[in-house]
Amino acid sequence: MLKKKSIKRLYIEEAVCDKCGSIMESTGAVLMSYPEQYPYVCPKCGWTECYYGSKRPGSIKYELEDEENV
């Protein structure tokens, strides 16, 4: 049996600066740690923060609705 799920909500998580509330930008670097870390910097105040690969901002996330039979 096949079941079909509809996407209820599609969104992108963004990194927001804890100091001034601006959207942070990726530096383009990857730290050689395990797991890897991605540094982000605030363009307004210069605050930096690192995110692990599984929690990295900018990826598309989604929530699904209930199943339907196909």
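I count helices (H or I, at least four residues) and strands (E, at least two) as DSSP runs, numbered from the N terminus. This is a predicted model, in which local features need pLDDT of at least 70, side-chain atom pairs count only at pLDDT 80 or more, and totals for chains, interfaces and linings use all residues. Residues are numbered from 1 along each chain as its sequence is written, and side-chain values use heavy atoms, with hydrogens and water left out.

Fold. I read the pattern β-β-β-β-β along the sequence, that is, five strands and zero helices.

Dimensions. I looked up the radius of gyration, taken over C-alpha atoms, with a globule rule of 2.2 Å times the number of residues to the power 0.38. The protein has 17 Å, whereas a compact globule of 70 residues would have a value near 11 Å. Along the principal axes, the C-alpha atoms fill a box of roughly 50 × 30 × 15 Å.

Burial. I took buried as under 20% relative accessible area, exposed as over 50% and partly exposed as in between (1.4 Å probe, protein chains only). Of the 70 residues, 16% count as buried.

Cysteines. I searched for disulfides, meaning pairs of cysteine sulfur atoms within 2.5 Å, and the structure holds zero. Cys-45 is in no disulfide, and its nearest cysteine sulfur, that of Cys-17, is 3.6 Å away. Cys-45 is partly exposed, with a relative accessible area of 42%. For Cys-50, the closest cysteine sulfur is also in Cys-17, but at 14 Å it is too far for a bond. I noted Cys-50 as partly exposed too, at a relative accessible area of 37%.
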